[in-house]
Amino acid sequence: MADRLEPILPGSYLGILGGGQLGRMFTQAAQAMGYKVCVLDPGSDSPAGSIAEKFIQAEYTDSAALNEMAALCSSVSTEFENVPAQALDELESLGVFVAPRSSCVSLAQNRIAEKNFLATWKSETNIGPAPSFVIEHEADIAHTPTDLFPGILKTARMGYDGKGQATVYSSEELNAAWNEFGRVPCVLEKRMDLDFEVSALVVRGYDDAVVAYPVAQNIHRNGILHTSTVPAPSLKPAQEKKIIDAAKALIRKIDYVGVLCVEFFVLKNGDIIANEIAPRPHNSGHYTMDACVSSQFEQQVRAMARLPLGDTRQLAPVSMLNLLGDLWFEGSEDKAREPAWNKVLAHPDAKLHLYGKSAPRIGRKMGHINCLGEALNEARQNCAAVATELGIEP
Ligand code: ADP
Ligand code: MG
C-alpha cells in the first residue's frame, strides 16, 4: 500500500475549480472550519470568487493559473463536472491532492461512459440504468432497437437541468432531433414510467470510510429541481436501503474521495433505475446544510483535507425549495426587484440561502430555502406556505 498522506489542517489553503453557488457554499464551509480558499473561475464576478481569500480569474486550462493554484493549495476539488479533466490531471501532476480524481469526474462528463459504468456494476449494485442505445453516426439510427421508443435523446456531453434532451417517438423523430443537436454523440434512453425521483448522497473519505445521507425525494419543474424532501415521503424503507447500498458500492468501485450524488428513478412498477451521477455536492443535498449534523459542503472539505468524515444524521424533517431568478420578475417582466424575504423569514423554520448573484435571470438558480418541521408533514406545509408567500406554485 502506498504511503498515506497526512491530513491538511485548518489554516491551509484549499482550492476549488468553479466559482458558482456550489463553490460558494464550499468556501463558506471551509472558512467556517478555519481554512482559506482559492477559487479558479473564468468569470469576472463569481459567487465564490467574491468571498474567497484568493480568486484567480482564468480559463480552467490556463497553465499559469493552475500553477498558481498548485503553489497555494495542497488539495483541490471541483464544483462542477464539466471542468476539463486535463486541468485536474495537471494539478495532480503538480503534486496537488485532487479529490475526486479526474477519472471519476470524466465519468460524469459523458453520458455514454456514465451509462456503461452504471450497467457494468449492475450485478453488484442491484440497480441498473434505463435501457439505452448510443447514437454516434447516422447509421446508428437505423439500428436503434424499436422498443426504446418513446425515448429521450440526450447529448453525451454538457447536458444539465434537462438541457440537451428531446423526447422522440420514432426513428424519423430521432433523426430530426439528432440533427437538431448538431449530430454530436448522444444516448437514446427508453422513457420510463416514473413514479417519483430520488437522489442518494454518499461521501467517501481518504481513509476509505463511506457514509450516506438519508435519500431525498425530488420534484423537477421545467427540467430544474424544484423541491427536495427528506425523509422521502414515497420511498419504502427497503427501497431506501437498496438505493443507499447501490450508491455506496458505486463510490467504492471508482476509488472516489469526496461527495457523490446518484440520481435514481422509482418506477410505477416499483423497479428502481440509476439515472446519473454528479461528482460533487448536489442541489438535492442542500437540505443537509440545516437539517443534518454535517452539511455536504463540510464533508467535501473533510474529504479533500483527508480528515475523518462527519456525521450524516438528520436532525429534523425538511423540504428544500429552490429559488430561481423568475422570482425577481414577478409582476414586471423587465425590471427585477428583490422578493419579499421578510415575509419568508416570518416563518421561523425557513432557512434562507442566497448565492450573491448580481443578475437574476429566468431559470437561474439564485438561492434556496430549507423549510424544517418537527414532523415531515409540518416541513412540507412550511415549504408550501413559503412558496405561496413568494408566488411560487407549491
Ligand atoms: P440532467 O442532466 O438534465 O439532470 P437527466 O438525465 O437527469 O438530465 O434528466 C432530467 C430529467 O428528465 C430527469 O430528472 C427525469 O425527470 C427526466 N428523465 C430523464 N431520463 C428519463 C427516462 N429515461 N425516463 C423518464 N424520464 C426521464
Ligand atoms: Mg439529472
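Residues are classed here as buried under 20% relative accessible area, exposed over 50% and partly exposed in between, with a 1.4 Å probe and protein chains only. The structure is a predicted model, in which local features need pLDDT of at least 70 and side-chain atom pairs count only at pLDDT 80 or more, while totals for chains, interfaces and linings use all residues. Residues are numbered from 1 along each chain as its sequence is written, and side-chain values use heavy atoms, with hydrogens and water left out.

By the exposure cut-offs, N126 is exposed, with a relative accessible area of 52%; N126 lies in the loop between α6 (122-125) and β6 (132-135) and, although not a glycine, has a positive phi of about 70°. Helices (H or I, at least four residues) and strands (E, at least two) are DSSP runs numbered from the N terminus. A positive phi, near 55°, is also found for D255, a residue other than glycine, which is placed in the loop between α9 and β14 and counts as partly exposed at 37% relative accessibility.

One joins A99 and P100, with omega about 0°, and P100 is located in the loop between β5 (97-98) and α4. The bond from V230 to P231 is cis with omega near 0°, P231 being in the loop between β13 (224-230) and α9 (237-253).

Helix α4 (residues 102-109) packs against helix α5 (residues 111-120) at an angle of about 105°, with axes 5 Å apart, where axes are lines fitted to C-alpha atoms, for helices over the stretch in contact, and angles run from 0 to 180 degrees between N-to-C directions. That makes α4 roughly perpendicular to α5, a class covering 65 to 115 degrees. The contact (heavy atoms within 4.5 Å) is made by L107, A108 and Q109 of α4 and by R111, A113, E114 and F117 of α5.

The magnesium ion (ligand 2) is coordinated by two OE entries of E263 and by E276 (OE), at 2.0 to 2.7 Å; donors are N, O and S atoms within 2.8 Å of the metal (3.2 Å for Na, K and Ca), and sites may look incomplete because water is not among the atoms. E263 belongs to strand β14 (residues 258-267) and E276 to strand β15 (residues 272-278), 13 residues apart. E263 is buried, with a relative accessible area of 15%.

D140, in helix α7 (residues 138-142), is likewise buried, at 17% relative accessible area.

Terms used. Chains lettered and ligands numbered in written order. Parallel < 35°, antiparallel > 145°, perpendicular 65-115°, else oblique.
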